[in-house]
Structures are given as C-alpha cells and as structure tokens.
Amino acid sequence: MSSILTYIAISEGKIKRSSLEVLSRSKAIADANGLACEAIIIDENASSFTDSVQNYGASKIHIVEDSIFSQHRNTPLLSALSKVMEASKPKVVAFASTEGTKDILGALAANQKAGVVADVSSFDLTSSGVIAKRPVMAAKVVGNVEVTGETILVSVRSGSYELVESPITAEVNTIEFSSSESDLKAKLREIISATGDTIDLNEAETIVAAGRGVKDEEAKSLITELARVLNAGIGASRALTEAGVYDPSLQIGQTGKVVSPQLYIAVGISGAIQHVAGMANSKVIVAINKDADAPIFEVADYGIVGDLYKVLPPFIEELKKLKS
Amino acid sequence: MKFYVCIKMVPDVYAPFQIKDGELIMDADRMVLNAYDASAVEEALVLSEKHGGEVEVVCIGSAKASETIRKALAMGADKGSHIVTTGDEGFDSGSYANILTAFLKDKEYDVLSLGKQSQDTDSGLTGSMVAELLHLPYTTNAVGLEIENGNLIVKRQGDTGQEIIELPTPCAVTCSNDMNEPRIPNLKGIMASKRKPIDTIDLASLGISESDLSPNSKVVSFEHKPARKAGQKFEGEADEIAREVAQLLDTEANVI
Amino acid sequence: MEDKFDCIVIGGGVAGLAAAITLARNNMKFLLIERGEFAGAKNVSGGVLWGHDLAKLVPNYWEEEDAGWERYINHRRLTFMDEQSTFSLDFKSKHFNETPYSGVVVLRSKFDNWLSGKLQEAIDASDYAMDSFIATNIKVDQVLMENGKAIGIKTGEDEFHADSVIIAEGVNNLLTRQVGLQDNYVPADHMLTGIKEVIRFDQQVLEDRFQLNGLSGMSNEYVGWATDGVEGGGFLYTNRDTISLGLVLGIKDLREKKKSPHDLLNHFKTHPTVADAIKGGEIVEYSAHVVSSGDSRAMPKELYKDGILIAGEAANLLMNAGKAIQGMDYAMRSGILAAETIVTAKAKNDFSSTTLKEYRKALDDSYVMKDINNFQDAVHLLHTDTMQNKVPNLVCDFGRQFFTIKNEPTPKSEKMLLGAIKKHASLWELLKLGFKARKSL
C-alpha cells in the first residue's frame, strides 16, 4: 500500500507540536484515500517518541537513531530522509514548516526528484498529486498550488490543523544509519540559545508579543510580568527585533516565526500585514494599543484601546486574581 | 574570495494589485530586486570589501530583468550575468534551480549566495536545491557571515537559537534580510553601473530548452485570504476595560 | 571635465521628464535625478493632462496598448451642488474622440513610471546612451553655485557638475528657495490641499455607470456643498477600472473653519448624487498632498538665473480658473521649453541668464503664462463666497422648482429664478458677478 509519511521534528528533547498537527492531517488524508499513514523520527533518542506518535494514528514508524542528530545538521538529516524515502516510496512526505525543515526541503526535493510545495496553510490529495493553499505576496493573498510528481514533499505552517488523537499500535521500523562527525563538510561550532529557558514560541499555549509601543525598560518589564503570570512565551514585532530590544529569534511574522497559540496578546503592535500573517491562526487574539485605528484591532477578538502603561498593571493584577 | 550571488526580479509586493477571476493582476508594472537577494548582495560586498574579492551577480528573467542586475551593479557588484528567458511566470523553484545549476556547474567561486526566499512567493526552496544539485556544503537562513581562514562562518537562525556553522569553500548560503540593511546605490554607483559588464546568456547555450523546465508545481489561482473577524473593541477608563477583558478571557473565551 | 553634464534635471515628475525627453532628443548629455524609488513613486496625485503636448513627447501614444494613461476625456461636467440637489453643465462631444486627444486622465504613479520608460528609450537612441542617466532614489541636497552661477549639484558627499540645472522639484520647492528664486515664506492662502480616494469597480460596471465607451472617460468638477463652506471644489475622474474622487481645499480656510480634509471628503461622499456614483466601489487608495492655488502672486520672483531654470509646479505653474484644473500640461510645456532653452544655450555655449532668460520669454509667449495672466481674475472670482456658496445654492434651488412638476399652476421660470436669487443673494450681487465673469473668462 502506498503511504503518506510524516516527519516528526524533535527539538530539545521534545516532539514539536506542529509535527503532530501535520500527522493528524496526514492521518485524515490517508484514511480518505486508502493510504498508509506512516511517520519518521530522526533523533538521538528517536525510539523514545514512538508511543506519543502512534497516539496520532501512524501505523508504521520509521526510526533513525544516531548521536549526530542531537543537534540540527542538514547533511545527515538529508541522508536519513533520503534513505527512508527510497526504502518506503511514499506518495507524500509531510513536514511541519520549522527552520529545520526549511533548511533541507529544497535539497531533499532535488535529491529525490520529488515535487515540492513549502509553507502551506492547507493541503489535500488529488488524483494527479497534491493541491495546497499558501500565503503569497507578503501574505496578502492566498495562492492555490497544484503539485505533481511520484513523490511530493509538503511543509505545513504551524497552527494550520488541529491535533486529533487516534491511538493505534504502530509497527516500528528501525533504519540502520551510521554517520560520524568527520563525514560532515559543514561543522556546527555551537548554538547560541539566546532565548535561554524561555518558552518556545512554536509550542507556546500563550504568547505575549511586544511591538513598537514597548519603548523602555518599564514597558519591557510589564511584558515580562504579564508573560510570567500567564506562563506565556514572549514574542516581538520586527520593529523591536530590528531595534535590538528583543532577540531576532523572537520575531513573529511572515519572515519570522509563524505561531498559533490558544491566546495571543499583542501589546503596542500596530498590526502590519506581515506581522498578522505570523499570528492570525491564534485561537484568541487580544490587542492593546492606544491608537484606536490600528489595524491590529481588525483581527483582535478583544481590543483594548489604551496606553499600555495604564492598561497592563490592572490587566496583570486581574489575571493574577483569576489564576489564584 | 569570489562570490556568486543569485538575484531575482520580483513584483513589488507593496504595489497595489487586484484579484480577478482567480488571476492576480498587478496595477503597475513595478519590478524590484528581491529584498532577501539585496541582503545577499550587500553581505557579499561587505565581505569582499573587507577581505578582498569579487562579486558577480546572476539573474534569470526577461529583458527587463537587466534593470535588476543594474541595481546590484549600482550597489557595487563587479559583473552581471543575465540568463534571458522569454517569460518566467510558469517557473517554479525547481526550474530556477536547474537553470542556475547549468550555469554554475563549470564556474569557479568560493561562495554561492542567494536570498533565502522570494518576496512574492516565499517558498525558500531554490537555494538548498542548487546546493544539492551542485553538491555544495550549504546552510540556509543566515543572519550573519564572516570569513575565517578561508572558511565561511555562518550565523544561522535555527529553531532553538543561532547556530554557528563553519563551511569550507566552495559552499552555498541563503541569506535572511535580518543580516543587514542593503545599501541604496548612490549616484556614483548608478553611473558606474552603466559601464559594468553584463553577459547575456540564453538557455540554449546552457543546454536547456524552456520545455525541459516544465515545473512540478504551479499556482492555478489566487484568492483573498480569509479575513479574521474583528471582535469587541473596548474604549474608556483603562483600569476598567483592562479588568473587564481579563475577566472575559476567563469566563467567555476560556483561555486563562 | 570628463564627467560634466550639459544639464542636470532635478525631479522625475511631468516637468522633469518632459525636459529630459526633450534633452535626449536633442542629443544632450544629462542626468535626471528623482528622489523616489522610481519616477512617480512619490506622486499620489492624478487628474487630467490637458492638451496636445504629450503627443509631441510620445507620438501616437494612443496606439500603444497598456500605455501609462487611463482614459481620454470626451465628456465633461461642471456640477453645482447644494445639500440635496445637483445642477450640471454637461458637455459630451464626438470631436473629443479624435486623436491627439484633448485630455487624458492619468494616475501619476503609473503615468510617470511609463513616461520615464519613454525617457530611457530616448536616452538609448541618443548619442549619449552611455553617458546620460536616470538616477532614482537620490536626494539632491544642494545646487552648487560658483560666482552666482549654478555649476552642478551635491548629493550626500558627492558633487556632480553641469553647465545647467533644471529644477523641477515640485510644489515643495526647497531648492528653488535655496538658490534664492523664491522667498522662504509662501502664504497659506496661496496653497491648497488635495485629497483623493481611488475607488475600484468592476470595469463593466464603471463603463455602464458613466456611459464610457472603449477608453473614453469623463471629468466632473463640483462647486458648492461639496466642500461644506470651505474654499475649494470637488472632482471625479474615471480611470480604467477606478474613479479618482476628491477635493481641493484652501489650507488657510480649512484652518480658519477648523475642518479636516478627511471629514470633508466623507461629507462630500454622503451627497446623494455622489453616493450613487460610488455605490459598490471599493476604496483602494487614499492620499493627500499640497498643491498651489495658481495665484500668480505665489510664483517665484523669476524662473531663471545663471545656469538655472525652474519648471513645473516648482515654478507654481498651476491654475484652476473654473474651467478645468490645469497643472500637468503647464508642467509639461514648461519642461519642454526649459530644455529647448538649454539646447540653445549649448549651441551658443552660454548658460548665463543672458541666454536662459529666453525661457521666460518663451513661457510668457506660450499659452501657459498668457492663460495664467489673463485668468487671474477668474481664479479670484472662483474663490469668492458668491461663487463658492451662493451661486450653487441659487442654481440648485432654481433647478428644484424648474424640474419639479406638481399638479398645481406652475410659475413662470423667470419668477422662479428671481425668487431663487432673492433667497440666496441679491440681483445686484449677481449682476456684479456676471459682469466680472464676462471680463475674467
């Protein structure tokens, strides 16, 4: 039986939620089209994740386990994926659109002579291949794309699909793989984790995002306090990461991270279209901005028109009460 | 160091447009140098100014694309190659990657650099495709480049932080627009650009016919993005509305 | 000096482009500098380019598919407006269909960009294909002077030299002031603010609604209620699949009456006649910019100096005498005349004011200055309270009586007219107005 294969991304010892969203979608497509729903995990501890993955309906899980996968490195990742694809000849390989995926998707397509479509907001199987929707033109427009090929690679934006559990007992297929550091032409010297122990935005249930309105230390500390109360990740608009107020890895938007938390609180963010493209999939959006005409209010479920210095203290205080 | 920078002419995504019967119609014929490519050109110029070297740009496109090459030359690139196509609307990332590969396969260079994606399509595939087809070590989404002992040191924005990657040359890298602020050509640059060489190359001389480039993917139609509905807007006494919304988040939205 | 140009043209608007095309055609070595990212980038305006000069610069422009203009005018309308009614002078004629057209509607960001393409073609065909340039995204900081004569320009740290400089920088004429040809202070009552929305329709709907055929178009000017008592008027032009709808408002009057252009435009759009015209349209662009009123008192002291000529709106060449808003055609003609003067100067190898004053003479002899001088009274008349408020009210009131059929005896028209006059003005006032109008128009 032909299959749809979903790549499960592991980051810092955890499964990326967005890969399970993609797996949930793959499962639905597999069921509707009589395909096998398979998954692939490539990590130094790949086998430890099979239980969680079979919970989302993968009937077969390919495992590639090697210490080289402790960090993201494109060369071994490409070799491992190619090897699995050559062995299992899937019809579709689906990825969550992470930075790791973006690093290898084109190369994998070229290597496997596969059709490819990146960063889609939805996709489906047709008789001739895959049809997908993806935001284009600085996310102002949606393009409908048709892809053909014996194998087609698809990467999916975070938050495009809901998680759907469908537990099954999966067959685990361990794939032999050996790669040593010396095979690598590129050398990964180090990873500077600028975000420290803060919450990964792609996975966060709640995000507090700061924009141009957050001008000084006082505002910044209000943002930190709000995030602490809600156990939220902190993000920022491009204006603030460019100005060096927040680290570039925290940038949310079309050119930064695409996030989809349950609750997104935009503080002092005007809502430029590029920013909105990165957060419009959030379930509930709260906007705090003193400009009543700011475009962010057009996408906000709850818009508070007011000065963040005046709004945030009582807002935080009330949330603290509700939390306790 | 010899840099090849692949650049692309793209429609100005900030120019007005409309969608009619699924077709995207730009109101004005306004084409620009892809912003990510401009960052790649800028970084190559900075590195060659610092370490010595040469920057050559290569661009695939219609006759009009020569304006985009001129722009890069006006910024300071030394030379341009224009791979002329009759029209490239139907090309996908794979088509571009195949042409670039055919052009670059017998060229000598140290660093092949590209924008990480096109402003109009945001696919981000061509760079790693070319690297794979040319068997080059590569990395993507660079936010900083440096040269050390003949190696390219890339600061890459990854999922968990900034990865510092050392690539031997020749290698390929795709650039984020977060790495620099591309220079705006000054008048001297604009004037000098007119005298810089641009080679024009046709596909046939690369051993390619346009029919060989039939893309695997094509955009069949465009539509407006689904609008998110605006919810309630609260105006008034800051203390009051802040508390009211906090409570609604708990009782109504159920997200606290 | 190797890099010395015959001329540096500052500004890639209509005047600058017209000048540069003329220079290229005459094999001059020049540099055109535009501040925006491309010609037209900084221009949000639009309107009607009247007259035949475009055909001189771009012969047979009407044959080109997808040229930079929107529609040609074959239907003109002047509308008087009160709160509930409109009363129009309406003229449509087949003779307007003949080429060259007597006016084309343009959207400047598109038109200027197209015209700059024509300039590039002219440069490529000239002897100085490699030496003449269009340089965009460059701000000229200063016109370089030596012994009272312009010798070039400065941008950033770089200096570029030329025998002459044509300043076509537009209404915000900082360089014109810098070289001392205009006082730093221009009174607010000589300045207007233009505010405009571009509203899109399905092209068929637009053509049916305004009875357009092929590329024919209409222009409509409004006086009266449109501006809610503020000095100025309204306009509507049909583009390909959009209309430009807006107001031109006196800045001084706006300040005194404490009104905002934005609110006034919304007010204008609520008029039933306008509301019907724009129904179902989608606003795709909104813009505002400053224009001069065409009051000749706001013109620079002189339009030439050793090595310098001033063209277009930088020279305040603009007029609204009630018949039409003219500016782009003046800009085009002044650009052409300035360039022709430079060509003469080059031949004589004399770029001093002795030769350059010929520009002023050519302009004075042209329809541009003749009209500006002859119609000053009309400009003033148009801006009087009588014309702005009383006449529109009176005309509409008369119209309401004249065109309303009730099942009761109808008074004679003359009585209706007299009644309307008495209500809104006085007969004497109107006689005065009529007399003035006869003289000034």
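So, the interface of chain B and chain A: about 7,100 Å² is buried between them, with carbon and sulfur atoms giving 52% of that. Buried area here is the accessible area, taken with a 1.4 Å probe, that two parts lose on being put together, summed over both. On the chain B side, B:Asp159, B:Thr160 and B:Arg228 lose the most area to chain A, together 11% of what that side buries.

Before I go on, some housekeeping. This is a predicted model, so local features need pLDDT of at least 70 and side-chain atom pairs count only at pLDDT 80 or more, while totals for chains, interfaces and linings use all residues. Residues are numbered from 1 along each chain as its sequence is written, chains are lettered from A and ligands numbered from 1 in the order in which they are written, and side-chain values use heavy atoms, with hydrogens and water left out.

Okay, back to A and B. In terms of contacts, meaning heavy atoms within 4.5 Å, 77 residues of chain B touch 89 residues of chain A. Two pairs of chains are in contact, and A and B are the pair that shares the most contacts.

What about charges? The rule finds nine salt bridges across this interface, a salt bridge being a side-chain nitrogen of Lys or Arg within 4 Å of a carboxyl oxygen of Asp or Glu. One of the pairs you can look up is A:Glu318 with B:Arg243, at 3.0 Å from N to O. As a general point, side chains of opposite charge can pair when their charged atoms come close.

There are also 46 residue pairs in polar contact across the interface of chain B and chain A, both residues at pLDDT 80 or more. By polar contact I mean a pair of N or O atoms within 3.5 Å; within protein, one must be able to donate a hydrogen and the other to accept it, and residues adjacent in sequence count only if both atoms are side-chain atoms. Which element gives the largest share of the chain B side? That would be helix H6 of chain B, residues 238–251, with eleven residues. Helices (H or I, at least four residues) and strands (E, at least two) are DSSP runs, numbered from the N terminus.

Two strands pair if DSSP finds at least two bridges between them. Strand E18 of chain A (302–305) runs parallel to strand E15 of chain B (232–235), and four bridges join them. One partner pair there is A:Tyr302 with B:Gln232.

Then there is an open sheet of four strands, in the order E8(A)-E9(A)-E10(A)-E14(B), with antiparallel pairing.

Four bridges join E7(A) to E11(A), residues 152–156, and A:Gly115 has A:Ile152 as its bridge partner in E11(A).

And chain C? Chain C has no contact with chain A, and their closest C-alpha atoms lie 14 Å apart. Chain B and chain C, though, bury about 1,700 Å² between them, 57% of it on carbon and sulfur atoms. B:Leu187, B:Met191 and B:Lys194 supply 38% of the area chain B buries against chain C, more than any other three residues.

How many salt bridges does the rule find between chain B and chain C? Two. C:Asp131 forms a salt bridge with B:Arg195, their closest N and O atoms being 2.7 Å apart. Six residue pairs are in polar contact across the interface of chain B and chain C, both at pLDDT 80 or more.

Last one: over all chains, the structure holds 55 salt bridges. Among them, B:Lys79 meets B:Asp199 at 3.1 Å, N to O. That pair links distant parts of the chain, 120 residues apart: B:Lys79 is in strand E7 of chain B (79–84) and B:Asp199 in strand E13 of chain B (198–202).
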